[in-house]
Amino acid sequence: MDPAAGALLGAVADTAQACGSAYIVRRGSRRVEVCPQADDGFAVTVAVEDDGGVRVTFDRWEHRFERSADPEDDADVLSLAHDLVAAGLWGRARVRVERRGEQVWATTVCFGAPGRWLTFDRQGGGLRLPWPRVMTRTFVNHGRPPRPVDERTVRPLPWAPWAGIRGEGPPEPEPQPLPVDGELDLHAFSPKEVKPLVLETIEQHRVEGVLQLRIIHGKGVGNLRRTVHALLDRHPGVAGYRLGGHGAGSWGATLVDLHPLEPGP
């Protein structure tokens, strides 16, 4: 499971636990289940599927979020999933379950608040034949957010009327240690991350005794290459560097030779 999805599960559990004794939280390796203490509430489950997609379930109603390869778009997707959970836990979602005898016949989900519910989706149902009468029951959770919802930050979308209910961005993934494998690819990082990343990578490699490092900065107009070379020029642990030759990235990569760490006393 990728770090962003793991961070979402942790944030969902935190959101439920912040409601105090309103819920029982059960967390597994790839899912979080939040069960209400009140009989008229509904369970909320978040599961990360094998392909990385996220499925949020209210009782028997479910909504799936497709992940994106773009980090910014993916953060928005996970933020919407978290908002959906918060809406369910904070009483901003209503689930109406229709039963035909012992079987669930249809489930309808509304978003909003008492007096201004908006029907969003209906799953199940069908042609009403002369079967036993359909019995309807409505469920709403009673958890309260740790702070009042600022209605000015709520920006409902036609496909996600719960959007923005938390008034905050997606959870930050847990920092992952970089591999010490003799290579650093800077393409996935923002310019402000380059300096600390290069310095940390150099030290990690020296600690592990890996004294050859290939830094991939791309060709482009050369700004990133110049930034990297300026850092290498000033670093006392760098013995020398050169642009990659044929088969080593050409001038889109820099090969760095590092000084070993001096033995301690």
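Predicted model: local features only at pLDDT ≥ 70, side-chain atom pairs only at ≥ 80, totals over all residues.
1. Five strands make up an open sheet in the order S1-S2-S3-S4-S5, and the pairing is antiparallel. Strand S1 (23-27) and strand S5 (61-65) sit at the edges, each pairing on one side only. Between neighbouring strands of this sheet the average turn is 15 degrees, direction ignored.

2. Strand S4 (residues 54-58) pairs with S5 in the antiparallel sense, over five bridges. To pick out one of the partners: Arg55 is bridged to Arg64 in S5.

3. Next, the helices that lie across the sheet. Helix H1 (residues 3-17) lies across S1, strand S2 (31-36), strand S3 (44-48) and S4, and its direction is at about 160 degrees to S1. Helix H2 (residues 71-89) lies across S1, S2, S3, S4 and S5, and runs at about 10 degrees to S4.

4. H1 and H2 also meet each other. Their axes come within 10 Å and cross at roughly 20 degrees. Angles under 35 degrees count as roughly parallel, so that is the label for H1 and H2. The crossing of H1 with H2 is right-handed. On the H1 side, the contact is made by Ala4, Ala5, Leu8, Ala11, Val12, Thr15 and Ala16. H2 brings Asp74, Leu78, Ala81, His82, Val85 and Leu89 to this contact. Sorted by class, the contact of H1 with H2 has ten nonpolar, two polar and one charged residues.

5. Helix H3 (residues 191-208) and helix H4 (residues 223-234) have axes that come within 10 Å, with a crossing of roughly 45 degrees. That angle makes H3 oblique to H4. H3 and H4 cross in the right-handed sense.

6. As for who touches whom in that pair, H3 contributes Val194, Lys195, Val198 and Ile202. From H4 come Leu224, Thr227, Val228, Leu231 and Leu232. By class, the contact of H3 with H4 divides into seven nonpolar residues, one polar and one charged.

7. H1 and H2 cross at roughly 20 degrees, while H3 and H4 cross at roughly 45 degrees. The H1 and H2 crossing is right-handed, and the H3 and H4 crossing is right-handed too.

Key:
Residues numbered from 1 in each chain as written. Heavy atoms only, no water. Pairing = 2+ DSSP bridges. Helix = DSSP H or I, 4+ residues; strand = E, 2+ residues; numbered from the N terminus. Axes fitted to C-alpha atoms, helices over the stretch in contact; angles between N-to-C directions. Contact = heavy atoms within 4.5 Å. Parallel < 35°, antiparallel > 145°, perpendicular 65-115°, else oblique. Left-handed = near helix turned anticlockwise from the far one by under 90°. Nonpolar A, V, L, I, M, F, W, Y, C, P; charged D, E, K, R; others polar.
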